[in-house]
Amino acid sequence: MLKVSLYRYNPEVDQEPYMQEVELDTGGKDLMVLDVLELLKGSDPSLAYRRSCREGVCGSDGMNINGKNGLACVTPISEALKNGKGGNKLVLRPLPGLPVIRDLVIDMSLFYKQYEKIKPFLLNDTPAPAIERLQSPEERAKLDGLYECILCACCSTACPSFWWNPDRFIGPSGLLQAYRFLADSRDTATEERLSDLDDPFSVFRCHGIQNCVNVCPKGLNPTKAIGHIRNMLLSRAT
Amino acid sequence: MVNSVTNLGRNGLADWLVQRVSGVVLLAYMLVVGFYLLCSGSDLSYEQWSGYFDSTFMRVFSTAAVLSIVSHAWIGLWSVSTDYLTERLMGGRATVLRLAFQAASAVVLFTYLVWGIQILWS
C-alpha cells in the first residue's frame, strides 16, 4: 500500500488548508504520480488538479512532489520517494509561492503576467519577405535549450526571488523566454527588449542559486540564459 | 521595467556591477591584510600595525575597501528590504517600515564611511 499525503483546500468549505492522509493499492507497480492522482480522484471526485496531455508536453500538472517541483505525469513514484522528504510517503502539494485556488490548483496570473512582459513573439520592423524569414542552421541552433520551455512554472515557483517579488521579478521561465527572443536572428527589437529588462528587479533579482535548473522537467538551464542576458546588458552599457 | 529611486545605481546593471567589483576589492583587501598578519606572527606591535596603515598604498587601498563595504552593504540591504519589507508580505505599513529601514541603513553606512576616512586620513 502506498501512503499518500495530499494538500487539500476548498475555500468554499475549508477555513484553512490541511494535509489529507490516504492509502492506495498500486498493485506493486511503479506508477506515475499523475496515475496515483487519477486513482485517488476515482474514489474522491472532489480532488482538484490540472492535467491534460499526461506525457510532459502541456505543462499542466506541475506540482510540489515530496518537496521538489515537477510534472506529475512524468515523475514515477520511485523517483518521487527518492527525493528524501516524506520517507516512504508520497507528499503532494501545490507549486509554492502563488495563491491556491483549490487543492493542487494554483492561480498562475502573476506567472503569465511576467511572461507577457517579455513580449514572447518575434518583433521585426523590416519588410516581410515573400515566403519566410530564413535562418542558417547555426542561427537556428542558438534557440536550442530555449524554445523547449512548456511554461509549467516549476522553475519560477521554486525560485525564492520569485516568491518575494512575483510582480516585479520576471522569473526564470520568463527570462529563459526573453533570451529565446534576444537570441533569435529574425528579431530586430534587441535594444527595446534589453531596455525593458535593465532595472533592479526584472533580471537582477536572480542570485544564481539554480533552483530552476534543479527542477526543470525539460532539463533546461534558465540560469545560463539569465547569464547571457546579463552579458548582453553589460556589453551594451560599457 | 520596474523603476526605483532608492537603489544605488538607478538601474539593475550598475548595482550588479558595483556589487561584483566591490566584492573583488574586499577579497583582495582581506588577502593582503591577512597575508600581512600571517607573516607578522604573534609578536605584532601597535607601532608596526600603525606604520603598516600609514603608507600611502594602504591608505588608498583601505579607502577603496571602506567605499566597497559601504556600497556592497547598501546594495545588499536594499535588496533585503525590497524582498521582505513589501506590501505583498506585510500590507500597507510595509512602505513606512522599508523606508525607515533604508534610512537607518543609510545613516549607519554614511557614518562608517566618514568615520573610516577620518581614521585613515587624519
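Mentor: A residue is buried if 20 or more other C-beta atoms lie within 10 Å of its own. Keep in mind that this is a predicted model.

Trainee: Is A:Asp103 buried or exposed?

Mentor: Apply the cut-off of 20 or more. A:Asp103 has 22 other C-beta atoms within 10 Å, so the residue is buried.

Trainee: Where in chain A is A:Asp103 found, and what is its phi?

Mentor: A:Asp103 sits in the loop between strand 6 (100–102) and strand 7 (105–106) of chain A. The residue is not a glycine, yet its phi is positive, at about 45 degrees.

Trainee: Is A:Leu151 buried or exposed, and what is its phi?

Mentor: Find the loop between helix 4 (137–141) and helix 5 (160–164) of chain A; A:Leu151 is there. A:Leu151 counts as buried because 20 other C-beta atoms lie within 10 Å. Its phi is positive although it is not a glycine, with a value near 55 degrees.

Trainee: How is chain A divided, and how many Å apart are the C-alpha centres of its domains?

Mentor: Chain A splits into domain 1 (2–105) and domain 2 (108–237). The C-alpha centres of these two domains of chain A are apart by 29 Å.

Trainee: Which element gives the most to the side of domain 1 of chain A that touches domain 2 of chain A?

Mentor: Start with the contact itself: 14 residues come from domain 1 of chain A and 15 residues from domain 2 of chain A. The domain 1 side has 7 nonpolar, 6 polar and 1 charged. With 4 residues, the top contributor on that side is strand 4 (residues 68–71) of chain A.

Trainee: Now the two chains. Which helix supplies the largest share of the side of chain A that touches chain B?

Mentor: This contact takes 15 residues from chain A and 14 residues from chain B. By class, the chain A side holds 8 nonpolar, 2 polar and 5 charged residues. Its largest share is 3 residues, and they come from helix 9 (residues 222–237) of chain A.

Trainee: Which residue of chain B does the UniProt annotation "binding site" cover, and which residues is it in contact with?

Mentor: The annotation, from an unreviewed UniProt entry, covers B:Tyr84. B:Tyr84 is found in helix 3 (residues 56–84) of chain B. Set aside its neighbours within four places in sequence, and B:Tyr84 is in contact with A:Trp164 and B:Leu89.

Terms used:
Residues numbered from 1 in each chain as written. Chains lettered and ligands numbered in written order. Predicted model: local features only at pLDDT ≥ 70, side-chain atom pairs only at ≥ 80, totals over all residues. Contact = placed C-beta atoms within 7 Å. Helix = DSSP H or I, 4+ residues; strand = E, 2+ residues; numbered from the N terminus. Nonpolar A, V, L, I, M, F, W, Y, C, P; charged D, E, K, R; others polar. Domains from an automatic or database assignment. UniProt positions renumbered as here; feature names shortened; annotations may be inferred. Buried ≥ 20, exposed ≤ 12 C-beta atoms within 10 Å, placed from the backbone.
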